[in-house]
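Keep the structure open while you read, and look up each residue as it comes along.

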Amino acid sequence: SQIPEIAQHILSHSIENLMCIPLEYTSKLESKLQEANQTPEILSPAILKVAQMKLNFLLSKECVSLGTKDVPLNRLMLFIEEAGCSPIIYTAVQEYFVQIMVIFLKNCPHFQSLSSKSQSFLLRKNITEVSVLLMTMGFEKKHQVFRWCLGKDDLATLVEWKGNRTVVIEIDEENLSKHLHGNMGKDVFEVVNSIAELDIQGQVIILLILICIFSRDGDDMDDQAPIDAAHNYYRHLLFLYIKATNSESSRLNATLHRVLKTVKDFAEQVRSQVMVNK
């Protein structure tokens, strides 16, 4: 029937890796969302809003290239394979995450209503927390690897470069540790494993990312009122979404607040570390 079919496409891939969702699924989700918006009584407003955010995120990810003007993808892949030039790899991955968020937030009215100064401040301040959540989203507990799929532009580059049609990049703990200072690679895996054990839906991680983005942690700045209002809006939307989709909503909400604390604490630890210069 129509209702289960729409719900299936909107809520599927609940705990799967959103960094590796096939483009065909994104197209189906977009189509099903258009149907659901024509008959909004089928699903709760919170589910529809979160599903639209999920679609916006998937479309944003597809637009971004891991390679940059300064470090093209083929050169970056050589650096990764040779386990050298770690600052370049770290910078490229961080820029990849930033670009995903910049495009994603273009569809966020709360963010777009802020001054460019406030937007830049929030991104700079909270990008480490966001990066931890994006890494968690791309972590596959069973195989103990980070996996993400390249966009169509990156795939075309690899095919042209050496006929490589592999669209997935995998990074395990050993590989990650080669590019990070001290025990940071091990620490990253401990944190993402602790969060992965909770089997949090990918779309819920997107909500956690938005809550982090609009966190100023008491810093005085322009646009304080709308920033705080947006922070509270996404916390409330998280509450409504969990209530609509989970029978143990109170317990899960408490768990998610602990996740945010874990992410915040680990982000502070990351900021205190320095990259290994090789």
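## Getting started

One idea to have ready: a residue counts as buried when its relative accessible area is under 20%, and as exposed when that value is over 50%, with partly exposed in between. What you're looking at is a predicted model.

Now the big picture. The protein has 13 helices and 3 strands. Of its 278 residues, 49% are buried. If you take the contacts with a separation of 6 or more, 74% of them link residues 24 or more positions apart.

Let's begin with Gln203, which sits in helix α11, residues 202-213. Is Gln203 buried or exposed? Its relative accessible area is 2%, which is under the 20% cut-off, so Gln203 is buried. Its side chain also has a partner: a polar contact of 3.5 Å connects Gln203 with the side chain of Lys54.

The rest of the helix tells a similar story. In α11, 12 of the 12 residues are buried, so the helix is largely enclosed by the rest of the structure. The buried residues include Gly202 and Cys212 at either side of a run with Val204, Leu207 and Ile209 among its members. You can check the helix's length too: at 1.5 Å a residue, the 12 residues of α11 should span 16 Å, and the end C-alpha atoms are 17 Å apart, which agrees.

Next up is helix α3, residues 45-63. From first C-alpha to last, its 19 residues reach 27 Å, close to the 27 Å expected at 1.5 Å a residue. This helix is mostly covered, with 14 of its 19 residues buried.

Met53 belongs to α3. With a relative accessible area of 12%, Met53 is buried. Which residues does Met53 contact, leaving aside its neighbours within four places in sequence? They are Phe104, Ile206, Leu207, Leu210, Tyr234 and Leu237. Two of the names there, Ile206 and Leu207, also turn up among the buried residues of α11.

## His231 in helix α12

Helix α12 covers residues 224-245, and His231 has its place there. His231 has a relative accessible area of 14%, so it falls under the 20% cut-off and is buried.

What does His231 touch, not counting residues up to four places away in sequence? The answer is Ile211, Phe214 and Ser215. With Ser215, the side chains form a polar contact of 3.4 Å. As for Phe214, it lies 17 residues from His231 along the chain, and their C-alpha atoms are separated by 5.0 Å.

## Two helices side by side

Now find helix α10 (residues 184-196) and helix α13 (residues 249-271), which pack with their axes 11 Å apart at an angle of about 170°. Angles over 145 degrees count as roughly antiparallel, and α10 and α13 are therefore roughly antiparallel to each other.

Where do they meet? On the α10 side, look for Met184, Asp187, Val188, Val191 and Ile195, and on the α13 side for Val259, Thr262, Val263, Phe266, Gln269 and Val270. The residues of this contact divide into 8 nonpolar, 2 polar and 1 charged.

Val263 has another partner to look at: Glu129. That residue is in helix α7, residues 116-137, and at 1% relative accessibility Glu129 counts as buried. Setting aside residues up to four places away in sequence, Glu129 touches Cys212, Val263, Lys264, Ala267 and Arg271.

## Two loop residues with positive phi

Finish in the loops. Gln144 is found between β1 (139-140) and β2 (145-149). Although Gln144 is not a glycine, it has a positive phi of about 55°. Its relative accessible area is 30%, so Gln144 is partly exposed.

Asp223 is in the loop between α11 and α12. Asp223 isn't a glycine either, and its phi is positive, at about 60°. At 26% relative accessibility, Asp223 counts as partly exposed.

Definitions and conventions:
Residues are numbered from 1 along each chain as its sequence is written. This is a predicted model: local features need pLDDT of at least 70, side-chain atom pairs count only at pLDDT 80 or more; totals for chains, interfaces and linings use all residues. Side-chain values use heavy atoms; hydrogens and water are left out. Helices (H or I, at least four residues) and strands (E, at least two) are DSSP runs, numbered from the N terminus. Buried means under 20% relative accessible area, exposed over 50%, partly exposed in between (1.4 Å probe, protein chains only). A polar contact is a pair of N or O atoms within 3.5 Å; within protein, one must be able to donate a hydrogen and the other to accept it, and residues adjacent in sequence count only if both atoms are side-chain atoms. The expected span of a helix is 1.5 Å times one less than its number of residues. Axes are lines fitted to C-alpha atoms, for helices over the stretch in contact, and angles run from 0 to 180 degrees between N-to-C directions. Angles under 35 degrees count as roughly parallel, over 145 as roughly antiparallel, 65 to 115 as roughly perpendicular and the rest as oblique. Contact means heavy atoms within 4.5 Å. Ala, Val, Leu, Ile, Met, Phe, Trp, Tyr, Cys and Pro count as nonpolar, Asp, Glu, Lys and Arg as charged, and the others, Gly among them, as polar.
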